[in-house]
Amino acid sequence: MLASASSGLRPGRSTRVSHISPERLSEIRHARRPESRYADPGNCRFEVTQAERLMRREGIRWIDSTTRSIEEIATTILREMKIERHFY
């Protein structure tokens with residue numbers, strides 16, 4: 001979870017967030033709420049563009065999650081941040 005700017009917490013340069021293509025986001029949303037503004041491809045493009053601008057401005061790096069599983073995303077983040085993985 002990323003903190004909002006109003007909380008006073010600011011992510012550091014090592015912060016990684018997930019990024020998705022507007023087309024895939026629209027597909028996922030369409031399955032949840034067909035024919036809605038929420039799922040509209042134009043709205044999804046706008047939202048992804050705004051998120052990219054915010055991440056660039058704040059120096060936040062991202063991982064394209066369009067075709068990756070959550071396990072692949074987690075492994076990439078753990079490896080890049082040099083966090084030891086624990087098995088239970």
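A crossing counts as left-handed if the near helix is turned anticlockwise from the far one by less than a right angle, and as right-handed if clockwise. With that in hand, here are some friendly notes.

1. **Basis.** This is a predicted model, in which local features need pLDDT of at least 70 and side-chain atom pairs count only at pLDDT 80 or more, while totals for chains, interfaces and linings use all residues. Residues are numbered from 1 along each chain as its sequence is written, and side-chain values use heavy atoms, with hydrogens and water left out.

2. **Overall layout.** The protein has three helices and two strands, arranged along the sequence as β-α-α-β-α. Helices (H or I, at least four residues) and strands (E, at least two) are DSSP runs, numbered from the N terminus.

3. Helix 1 (residues 22-32) passes helix 2 (residues 41-58) at an angle of about 125°, with the axes 8 Å apart. Axes are lines fitted to C-alpha atoms, for helices over the stretch in contact, and angles run from 0 to 180 degrees between N-to-C directions. The two helices are therefore oblique to each other; angles under 35 degrees count as roughly parallel, over 145 as roughly antiparallel, 65 to 115 as roughly perpendicular and the rest as oblique. The crossing of helix 1 with helix 2 is right-handed.

4. **Who meets whom.** From helix 1, Pro 22, Leu 25, Ser 26 and Arg 29 meet Pro 41, Asn 43, Cys 44, Arg 45, Glu 47 and Val 48 of helix 2, where contact means heavy atoms within 4.5 Å.

5. **One side of helix 1.** Pro 22, Leu 25, Ser 26 and Arg 29 are the buried residues of helix 1. They cover an arc of only 100° around the axis, so they lie on the same side of helix 1; the arc is that of the directions from the helix axis to the C-beta atoms. An α-helix has 3.6 residues a turn, so residues three or four places apart point the same way. The buried residues of helix 1 pack against helix 2.

6. **Arg 29.** This helix 1 residue counts as buried, at 10% relative accessibility. Leaving aside neighbours within four places in sequence, Arg 29 is in contact with Pro 34, Tyr 38, Ala 39, Asn 43, Cys 44 and Glu 47.

7. **Glu 35.** Glu 35 sits in the loop between helix 1 and helix 2. Its phi is near 60°, a positive value in a residue other than glycine, and Glu 35 is exposed, with a relative accessible area of 74%.

Notes. Buried means under 20% relative accessible area, exposed over 50%, partly exposed in between (1.4 Å probe, protein chains only).
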